[in-house]
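Here is a short walk through one protein.

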Amino acid sequence: MRNHKIVSQHDIDYWLDACNRYFDASLSPDEELQLKQFVASTSDPRFSEVKAVMGFASLGRKLHAKPRSQRRIAPWLAAACIALMVASAAVTHYRQSNCLISYVGGVKSTDVNQALQLMHDAMHDVDINQSGYAVDEQLHDIFNTINQPSAL
């Protein structure tokens with residue numbers, strides 16, 4: 001019944017003008033809805049073109065519309081991918097920066113337990129109770145072995 005009230009309250013010139021404004025994209029959403037209802041209810045050949053365009057646009061929207069569930073999942077999926085990339089980069093950086101290297105007898109070693117044991121042994125060999133000069137000399141001897149060509 002509502003469609004007939006809309007159709008009957010305007011004359012054909014109004015609807016022809018509304019068709020021109022539809023193609024100019026200057027109709028309000030309410031006016032466009034009224035025009036769709038009128039075009040669907042008339043058999044006047046002057047409205048064939050607008051009827052065809054409206055039908056084509058409607059079909060295109062239906063064919064290319066994304067399902068509702070896909071619209072809700074996409075942002076979460078993108079956020080999860082970004083979080084995974086950030087976590088992966090952080091773990092890679094941590095693994096690369098958490099490295100302990102020791103040189104023993106001119107040989108490079110990355111064994112953490114061996115490096116810690118050598119550090120404890122070296123600290124035990126340094127006698128803190130002696131004069132400051134002796135401690136400095138002992139530390140110099142310990143760390144200077146890296147630069148001596150005979151140790152390599």
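Helices here are DSSP runs of H or I with at least four residues, strands are runs of E with at least two, and both are numbered from the N terminus. With that in hand, read the order of elements: α-α-α-α-α-β-β-α-α from the N terminus on. That comes to seven helices and two strands. Keep in mind that this is a predicted model.

Next, the chain as a whole. The protein has 152 residues, and buried ones make up 14% of them. Now take contacts between residues at least 6 apart in sequence. Of these, 33% join residues at least 24 apart.

Now look at a pair of helices. Two packed helices are described by the angle between their axes and the distance between the axes. Helix H2 covers residues 12–23, and helix H4 covers residues 48–64. Their axes come within 10 Å and cross at roughly 40°. H2 and H4 are therefore oblique to each other. Their crossing is left-handed. Which residues make the contact? H2 brings Cys-19, Tyr-22 and Phe-23, while H4 brings Glu-49, Val-50, Val-53 and Met-54. Six residues of this contact are nonpolar, one is charged and none is polar.

Finally, find the buried residues of H3: Leu-35, Gln-37, Phe-38 and Val-39.

How values were computed: Residues are numbered from 1 along each chain as its sequence is written. This is a predicted model: local features need pLDDT of at least 70, side-chain atom pairs count only at pLDDT 80 or more; totals for chains, interfaces and linings use all residues. Side-chain values use heavy atoms; hydrogens and water are left out. Axes are lines fitted to C-alpha atoms, for helices over the stretch in contact, and angles run from 0 to 180 degrees between N-to-C directions. Angles under 35 degrees count as roughly parallel, over 145 as roughly antiparallel, 65 to 115 as roughly perpendicular and the rest as oblique. A crossing is left-handed if the near helix is turned anticlockwise from the far one by less than a right angle, and right-handed if clockwise. Contact means heavy atoms within 4.5 Å. Ala, Val, Leu, Ile, Met, Phe, Trp, Tyr, Cys and Pro count as nonpolar, Asp, Glu, Lys and Arg as charged, and the others, Gly among them, as polar. Buried means under 20% relative accessible area, exposed over 50%, partly exposed in between (1.4 Å probe, protein chains only).
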